Amino acid sequence: QVQLVESGGGLVQAGGSLRLSCAASGSIFKTSAMGWYRQAPGKQRELVASTTIVGSTNYADSVKGRFTISRDNAKNTMYLEMNSLKPEDTAVYSCNAYIWVSALRMGTYWGEGTLVTVSS
């Protein structure tokens, strides 16, 4: 009933910028915490950034100061603004969200991911 779809990935030169979007749709009562994860070849999936319903944010040390997570609750959409991109940022980026599908039921959902490739 709930679907998350990422967009905005692509090929970018090192030092460039890219903005990812994660749109939630379906039977949504209210979105709760949301976050961006990434997985690079040969590496485990890691949490890149997260945001709570009230807007507080957390970032992995590797992206702090370069990435900015934000959300538009009215649109049930989350964004990840990536600046000063490095080749090490190359990965499949996936969004995750805790979503209230009713006043009493919450579920966790994942998007399929979008590929970000940073060339040197």
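Rings of Phe, Tyr and Trp (its six-membered ring) pair if their centres lie within 6.5 Å; planes under 30 degrees apart count as stacked, over 60 as edge-to-face and the rest as tilted. This is a predicted model, where local features need pLDDT of at least 70, side-chain atom pairs count only at pLDDT 80 or more, and totals for chains, interfaces and linings use all residues. Residues are numbered from 1 along each chain as its sequence is written, and side-chain values use heavy atoms, with hydrogens and water left out.

**Stop 1: the aromatic pair**

Select Tyr37 and Trp110. A search of the whole structure finds one aromatic pair. Tyr37 and Trp110 form it, tilted, with 4.8 Å centre to centre and 55° between the planes. Tyr37 sits in strand β4 and Trp110 in strand β10 (residues 106-110), 73 residues apart. Strands (E, at least two residues) are DSSP runs, numbered from the N terminus.

**Stop 2: Arg45**

Arg45 lies over the face of Trp110, at 4.0 Å from the ring centre. Arg45 also lies over the face of Tyr37, at 5.8 Å from the ring centre. The test: CZ of Arg within 6 Å of the ring centre and within 35 degrees of the ring normal.

**Stop 3: the core**

Select Trp36, Val48, Phe67, Leu80, Met82 and Tyr93. These have the most contacts inside the largest nonpolar core, which has 28 residues. Such a core is a set of buried Ala, Val, Leu, Ile, Met, Phe, Trp, Tyr and Cys residues joined through side-chain atoms within 4.5 Å; buried means under 20% relative accessible area (1.4 Å probe, protein chains only). Strand β9 gives the most to this core, with five residues.

Terms used. Buried < 20%, exposed > 50% of the residue type's maximum accessible area, 1.4 Å probe, protein only. Helix = DSSP H or I, 4+ residues; strand = E, 2+ residues; numbered from the N terminus.
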